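Hi,

Here is the model I promised to pass on.

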2 protein chains.
Amino acid sequence: MVTDHGLSDRKLKILHAIIKTYLETGEPVGSRTISKYTDMNLSSATIRNEMADLEELGFIMQPHTSAGRIPSDKGYRLYVDMLMDEKEQELLEKEEQMLEKADRMEQLLKQAAKVLASSTNYATMVSTPMGSSNKIKFIQLTMVDQEQIIAVIMLGGNVLKNKIIRVDEPLSNENLLKLNMLLNTTLNGMPIEEINLGLIARLKEQAGIHSEVVGNVLDAVADAIQVDEDMQIYTSGATNIFKYPELSDKQSAQEIISAFEEKQQLTELVTQTLSQEDNTGIQVYIGDEAPVQTMKDCSVVTATYELGDGMKGTIGIIGPKRMDYEHVLKSMKRLQSELDQMFHGGGKAS
Amino acid sequence: MVTDHGLSDRKLKILHAIIKTYLETGEPVGSRTISKYTDMNLSSATIRNEMADLEELGFIMQPHTSAGRIPSDKGYRLYVDMLMDEKEQELLEKEEQMLEKADRMEQLLKQAAKVLASSTNYATMVSTPMGSSNKIKFIQLTMVDQEQIIAVIMLGGNVLKNKIIRVDEPLSNENLLKLNMLLNTTLNGMPIEEINLGLIARLKEQAGIHSEVVGNVLDAVADAIQVDEDMQIYTSGATNIFKYPELSDKQSAQEIISAFEEKQQLTELVTQTLSQEDNTGIQVYIGDEAPVQTMKDCSVVTATYELGDGMKGTIGIIGPKRMDYEHVLKSMKRLQSELDQMFHGGGKAS
DNA sequence: TGTTAGCACTCGAAATTGAAGAGTGCTAAC
DNA sequence: GTTAGCACTCTTCAATTTCGAGTGCTAACA
């Protein structure tokens, strides 16, 4: 993320002006505009010369011969890199309030997506935390009636899963207790990856005549985890993309909204983001940089947040390349830290 | 739903032909087309005369002076009413297979929405069952560690909810057992509406020093039910509306997709549908008939399915007025009966 | 009386044209 | 190195024209 460019101060200033103006208007910006807008006291002709240079260097481009210039991906990249260095500490109380209210994780995340969407006017997504190394914290079997047992499984990060198991004949209280003991002593604190066939066989053996139930429980565990692994993604503000003409022609709009609805592609985005190591946890993909083809005409900003036990989730904003990066980065950092804080503050669970 | 119209057989045939052709093409259909398409051996001029009559009766209309005719809402209505009388028993195995795989209710419903969307090419929604009169079937408190208790609550329809409760100091096993007894004997089988302040006060009194925990549990119950009441709605294929030019201009598309994303309006649709009493449980709203303003240019087909204990959910299809009603109604009935069957077959739960 | 052929007419959609305007690149002068 | 000026390019938008589909009506026919 080195901002290494061989640009003169003046070129940089002009580039900055071009991008900023373009972000606001969405229209190609011409030399005359810049000449007036900035306080550099340069004529449009001079600007034109500089612009010709900038274009040759690949920072800006012309959509057609006699139009103004628009930033290229490379130009945006430079701009964003410069922004990333800055810092800010503002807070919006309204957002916080809204977030405070939600006390279940799902709701919280949904809410977060919504808040972000409404405060930025872009499309947003939030993924539920996903544990690269998840542990079983607690298992409890309970009889509901003659035929049904509930298995409650608590995973790291206080995530609860339950599953109904049908049995042919009722277990005695004593046996149930034994099973609970067995499962808890064996599985408690165990990382999910370590549950292998050998272990399962051993467990079943120890369960004796109730090996079938154990099998069912383990299936249930596997199932619970399974469902946990294809993580949930909450989205909001997908229709915001209609606000940006450059994205809202039928073709693009449909593709992007599809991606949002189907979530398949978002999953990819999340995976990619999580695998990336970075100090701040915030990443900006401009155009083709995004790991998803559908978003090649957009910019995507992602941030990861962390729960205590190695569980990580992702927040994402998808918008036009002419995104208000400054605002977005600010919002992202804020939300990221709020989520971090809330989860570390403890006790929120689904 | 009486199909009472004063139309001659020939007029009916022509109207049918017009609608069918329009459903396929989406273009206004002219007299010449009908004259060739049908096997009635009538010249276009004759057809024109009949069409003039049909227009006067309000079954069809002209978008502009010299265009073909398109069906009016009234025309669609007649057409649909005629279809509703018919029956059919075809099945698509592919669909069934897909549905078979899902064993948790949420997944099942999500899957259902997806299947329906892909088989009809319209936007679809499925709402989770919502109980007008829900009962508590089972409550169980379990200590996880010194500070946390899990409350597992099972509602009618085998819906499971759980909630983590924090306590300041650990409960003894004995006390926990007592509490469990207390809660279960008092609350089991109790309709949620009957849990009132008086009952809560009585419970707390009986719980003695642990009244606080009881309060928490009841809060949890309230909470669990709360979340259950603002029901979930799963959608799929929202982008299908882009396939129909008459809906895909920016304005409409955005509105409809927004409605799908925000789900606020869909909730209204569901409520309306559920309140309607009808023998088949299938309803067709054409244009303005829909309870939601956003959908005034669409047709909406809804069906309700039932769980055992008075819980009802809704399936919905939203598409253009020129919807393939025949196919949609068929699919709906099929899905409806499949869901009914699955839930009555028993044991599926979240 | 019901059906059909023919014709003039209407109106929207698409193609064509033209003018306006924004912006550029280049050159020559400062 | 900077600027003014000018010719040129290209998009946009509105006005205009053309084209064709479809109609309603009338008159003739079975």
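**The DNA side**

By class, the surface near DNA strand C has 6 nonpolar, 12 polar and 3 charged residues. Here, Ala, Val, Leu, Ile, Met, Phe, Trp, Tyr, Cys and Pro count as nonpolar, Asp, Glu, Lys and Arg as charged, and the others, Gly among them, as polar. A residue is near a strand if its C-beta atom, placed from the backbone, lies within 6 Å of it.

Before going on, the housekeeping. This is a predicted model, where local features need pLDDT of at least 70 and side-chain atom pairs count only at pLDDT 80 or more, while totals for chains, interfaces and linings use all residues. Residues are numbered from 1 along each chain as its sequence is written, and chains are lettered from A and ligands numbered from 1 in the order in which they are written.

α3(A) has the largest share, 4 residues. Helices (H or I, at least four residues) and strands (E, at least two) are DSSP runs, numbered from the N terminus.

DNA strand D is surrounded by 19 residues, with Thr46(A), Thr65(A), Ser66(A), Gly30(B) and Ser31(B) the closest. Two or more residues each come from α3 (44-57) of chain A and from α2 (31-37) and α3 (44-57) of chain B. The split by class is 6 nonpolar, 10 polar and 3 charged.

**A helix pair in chain B**

What does α3(B) pack against at about 90 degrees? The partner is α1 (residues 9-25) of chain B, and the two axes are 10 Å apart. (Axes are lines fitted to C-alpha atoms, for helices over the stretch in contact, and angles run from 0 to 180 degrees between N-to-C directions.) That makes α1(B) roughly perpendicular to α3(B), a label for angles of 65 to 115 degrees. On the α1(B) side the contact uses Arg10(B), Lys11(B), Ile14(B) and Leu15(B), and on the α3(B) side Ile47(B), Glu50(B), Met51(B), Asp53(B) and Leu54(B). Two residues are in contact if their C-beta atoms, placed from the backbone, lie within 7 Å. The contact residues of this pair comprise 5 nonpolar, no polar and 4 charged.

**Domains of chain A**

Chain A splits into domain 1 (9-84), domain 2 (93-129 + 231-345) and domain 3 (136-229), with bounds from an automatic or database domain assignment. The centres of domains 1 and 2 of chain A, taken over C-alpha atoms, are 28 Å apart. Where they touch, 10 residues of domain 1 meet 12 of domain 2. On the domain 1 side, α1 (9-25) and α4 (73-85) of chain A give two or more residues, and α4(A) gives the most, with 7. That side has 7 nonpolar, 1 polar and 2 charged residues.

**How the two chains meet**

Chain B superposes on chain A by a rotation of 179 degrees with 0.0 Å of shift along the axis (RMSD 0.3 Å). That is the relation of a two-fold axis.

Cheers

Terms used. Least-squares fit on C-alpha atoms with pLDDT ≥ 70 in both. Parallel < 35°, antiparallel > 145°, perpendicular 65-115°, else oblique.
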